[in-house]
Amino acid sequence: MADSATNLQERLQQALGEGLRTAEPLRLHTTFRIGGPADFFYVARRPERLVAALRAGHELALPVFLLGGGSNLLVSDDGFRGLVVRNACEQVEFDGTVAHVGCGADFLGFIERCRDRSLAGLEFAAGIPGTIGGALYGNAGCYGRDIGSHVIDCTHATPDGATIETRPAAWYEFGYRDSRLKRDPRVLLSCRLQLAPGDRDAIQREMEEKLEIRRVKHPAWRTEPTAGSYFKNLPPDWQMPGAKHSPGTRRVAAGQLLEECGCRGLRVGDAVVFARHANIVVNAGQASAADVLALAEEMKSRVRERFGVALEEEVMFLGARPVLPTSR
Ligand SMILES: Cc1cc2nc3c(=O)[nH]c(=O)nc-3n(C[C@H](O)[C@H](O)[C@H](O)COP(=O)(O)OP(=O)(O)OC[C@H]3O[C@@H](n4cnc5c(N)ncnc54)[C@H](O)[C@@H]3O)c2cc1C
């Protein structure tokens, strides 16, 4: 390692201690099982350690990326030149129907804890992988519902770790798979979520029902690596030619368009469009990020040609983009 890099590592180690890893393969930390090495990698188990990592990165002028469960991410084959901080701050406390949740808490694990206290509200989301922080960042949801509508407030740090603030839900501008954090970055440390008194058995039944739907429709991400839906659904005012519903009533599934374009089963290298869902890409072995991007480009161009609409990625990309052969 060159002197300056050694020096950087020593200074980071001074700030973060022995838990600092170098050249950590990011494929080990994403549900896609794709991604090259991060120069530096640190797991923060307490909010003050997370903030210390942000401050150290800022002081050393290192790009910092905040990782949750890695379930909505495609990481470059070249990895990430900087410090990846994985949020493992998982503390959860309840005060009546309000949950105070560390943003590194696992989403499903949190829903199970709510069920055990007969607190209803988020069971519709059972089976969405990842952390509460990742869910808030993209306002994760399904069946027309989302986590953002349960937020009372969140506590976040500025990316340099210098300031910690608590802001009400409205500040985060939660929208469809969207929040203000995509435009105005902050690192979420914790949040307060509003739940409602419920019946434990009814909550359990709904969770089982939702998990079963996912088991049938989606890949089992632990054995069939994927990042879930690749593209966002289309706005309600977009009408598919010949569709039965009227514009303005509900979002049009991107999967429906991709299906019409014959995308199921398309393949580039080991990146494959899932056999049971045309908006899901799976890593069927040794897929590279470049394979996934080339496949996604083909899916997009088919939809553009057939329907004249540009699909927008839901999966986030981290790192340097490879140069792909020119798309059609
Ligand atoms: C099989 C499968 C099914 C899925 N189904 C759904 C679904 O039904 N609905 C849905 O919405 N999504 C779904 N997803 C996508 C994904 O699970 C969600 O988007 C999830 O909420 C991402 O959380 P994460 O912790 O894994 O985030 P990551 O993938 O780790 O990160 C995603 C983004 O969030 C940012 N982020 C993470 N934590 C924080 C934080 N504390 N503060 C600020 N920014 C942060 C990261 O920097 C990154 O930009 C699915 C994925 C899979 C694999």
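How many Å separate the centres of domain 1 and domain 2? I looked this up and got 22 Å, with the centres taken over C-alpha atoms.

**Ground rules.** I am working on a predicted model, where local features need pLDDT of at least 70, side-chain atom pairs count only at pLDDT 80 or more, and totals for chains, interfaces and linings use all residues. I number residues from 1 along each chain as its sequence is written, and side-chain values use heavy atoms, with hydrogens and water left out.

**Domains.** I noted three parts of the protein chain: domain 1 (15-87), domain 2 (92-202) and domain 3 (222-318). These bounds come from an automatic or database domain assignment.

**Domain 1 against domain 2.** I counted contacts, meaning heavy atoms within 4.5 Å. On the domain 1 side 10 residues take part, and they meet 15 residues of domain 2. I then looked up the buried area, which is the accessible area (1.4 Å probe) that two parts lose on being put together, summed over both. It is about 940 Å² between domain 1 and domain 2, and carbon and sulfur atoms give 65% of that. Helix α2 (residues 47-59) supplies the largest share of the domain 1 side, five residues. Helices here are DSSP runs (H or I, at least four residues) and strands likewise (E, at least two), numbered from the N terminus.

I searched this interface for salt bridges (a side-chain nitrogen of Lys or Arg within 4 Å of a carboxyl oxygen of Asp or Glu). The rule finds zero between domain 1 and domain 2. Polar contacts are pairs of N or O atoms within 3.5 Å; within protein, one must be able to donate a hydrogen and the other to accept it, and residues adjacent in sequence count only if both atoms are side-chain atoms. I found two residue pairs in polar contact between domain 1 and domain 2, both at pLDDT 80 or more.

**Ligand.** I listed 34 residues around the ligand (a heavy atom within 4 Å). The closest are Leu66, Gly69, Ser71, Thr131 and Gly141. A side-chain N or O atom of Ser71 is 2.6 Å from a ligand oxygen. For Arg214, a side-chain N or O atom is 2.8 Å from a ligand oxygen. Gly134 uses a backbone N or O atom, 3.4 Å from a ligand nitrogen.

**Phe65.** I placed Phe65 in strand β3 (residues 64-67). Beyond four places in sequence, Phe65 contacts Leu73, Phe80, Leu83, Val84, Val85 and Leu318. Phe65 and Val84 are 19 residues apart in sequence and 4.8 Å apart in space, C-alpha to C-alpha.
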